[in-house]
Amino acid sequence: IRIDGRSASAIAAKEEIFYMPDRQYYDRNATPLTVGHFCGNFYAGFSMEDYRGLLELFGLEENALLDSFSKGMKKQLSILCGISANTKYLFCDETFDGLDPVMRQAVKALFVREIEERGLTPVIASHNLRELEDICESVGLLHRGGILFERDLDEMKLNLHKVQCVIKEEEMLRRIKEGMEILTMDNRGALYTFTARGSRQEVDAFLEGLAPVFYELLPLSLEEIFISETEVKGYDVKELLF
């Protein structure tokens, strides 16, 4: 079956996806209410009742002109439309941009509720990696037009470690570089900070065998993992600045 040059299967697939762009376009005379009716024309599962309830919850006047809305308010409206569409997938581009800290937590809680209650799968693209750590199960890193990696977040954190270590002998430094998979390393005098790949048990056992004066393993943030992985591929900020 083809409808206006498009296959019925393609249309059905699109009905399972709601896309929220970084910059939303709305007609100058649009209001939250007219936007809701517009979305309802395209998504069979769109719930106007849920939508109006969310508008009230987030304090957005349904008959106000969107021209009077701030960037953050327009972003909230886009999110509420996406949630109310009841699609299987929600594609989000820079979801938290323009939202204040309180509203960011509210949106995260809304995502978590929808994930638990109806199995929503949000796919979030963001440069603010700290916003993703507490809601994402898996992450993928796009670099220079390709996928650098795609992994489970917990697994990735378990196999990548930041180490602080006092190294006074050149021989110990050589053994660390040769015996461990080091992604990044820098130092201030005898205090070295490096990122190593491997399980915690492997890293601990190796360093215990060297018996340095001091060492400790520190948790890595998603942002630090990003920096470590991209530096391996030659995307080093120090080379860009100096």
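A residue counts as exposed when its relative accessible area is over 50%, as buried when that area is under 20%, and as partly exposed in between. E150, with a relative accessible area of 54%, is therefore exposed. The model described here is predicted. A search of the whole structure finds 10 salt bridges and zero disulfides. The points below cover charged pairs, surface patches, cysteines and backbone angles.

- R118 and E114 are joined by a salt bridge, with an N to O distance of 2.5 Å.
- Both R118 and E114 belong to helix α5, where they sit four residues apart, about one turn of the helix.
- Salt bridges with shared partners link R113, E114 and R118 into one network.
- In the bridge between R113 and E114, the closest N and O atoms are 2.8 Å apart.
- E114 is buried at 7% relative accessibility, whereas R113 is partly exposed at 36%.
- R118 is also partly exposed, with a relative accessible area of 28%.

**The K75–D22 pair and the D22 surroundings**

- A salt bridge connects the side chains of K75 and D22, at 3.6 Å from N to O.
- K75 is in helix α4 (residues 71-84) and D22 is in the loop between β3 and α2 (32-42), so this pair ties together parts that are 53 residues apart in sequence.
- K75 is buried at 3% relative accessibility, while D22 is partly exposed with a relative accessible area of 23%.
- D22 and A125 are 103 residues apart along the chain, and their C-alpha atoms are separated by 9.6 Å.
- A125 is part of strand β5 (residues 121-125) and is partly exposed, at 38% relative accessibility.

**Surface patches**

- At least two residues of the negative patch come from β7 (146-152), and at least two from α6 (153-158).
- The exposed residue E150 is located in strand β7.
- A nonpolar surface patch consists of Y19, F91 and V123, which together have about 270 Å² of accessible area.
- Y19 is in strand β3 (residues 17-20) and counts as partly exposed, at 46% relative accessibility.

- C81 takes part in no disulfide, and the nearest cysteine sulfur, that of C39, is 4.0 Å away.
- C81 is buried, with a relative accessible area of 2%.
- C165 is buried too, at 0% relative accessibility.

**Positive phi angles**

- Most residues other than glycine have a negative phi.
- E94, which is not a glycine, has a positive phi of about 50°.
- The loop between β4 (89-93) and α5 (101-118) contains E94, and this residue is buried, with a relative accessible area of 15%.
- A211 is likewise not a glycine and has a positive phi, of about 55°.
- The loop between α8 (200-210) and β11 (215-218) contains A211, which is exposed, with a relative accessible area of 57%.

Definitions and conventions
Residues numbered from 1 in each chain as written. Predicted model: local features only at pLDDT ≥ 70, side-chain atom pairs only at ≥ 80, totals over all residues. Heavy atoms only, no water. Disulfide = S-S within 2.5 Å. Buried < 20%, exposed > 50% of the residue type's maximum accessible area, 1.4 Å probe, protein only. Patch = residues over 30% accessible without salt bridge, like charges linked within 9 Å, V, L, I, M, F, W, Y side chains within 5 Å. Areas by Shrake-Rupley, 256 points an atom, 1.4 Å probe, with all protein chains shown as cover. Salt bridge = Lys/Arg side-chain N within 4 Å of Asp/Glu carboxyl O.
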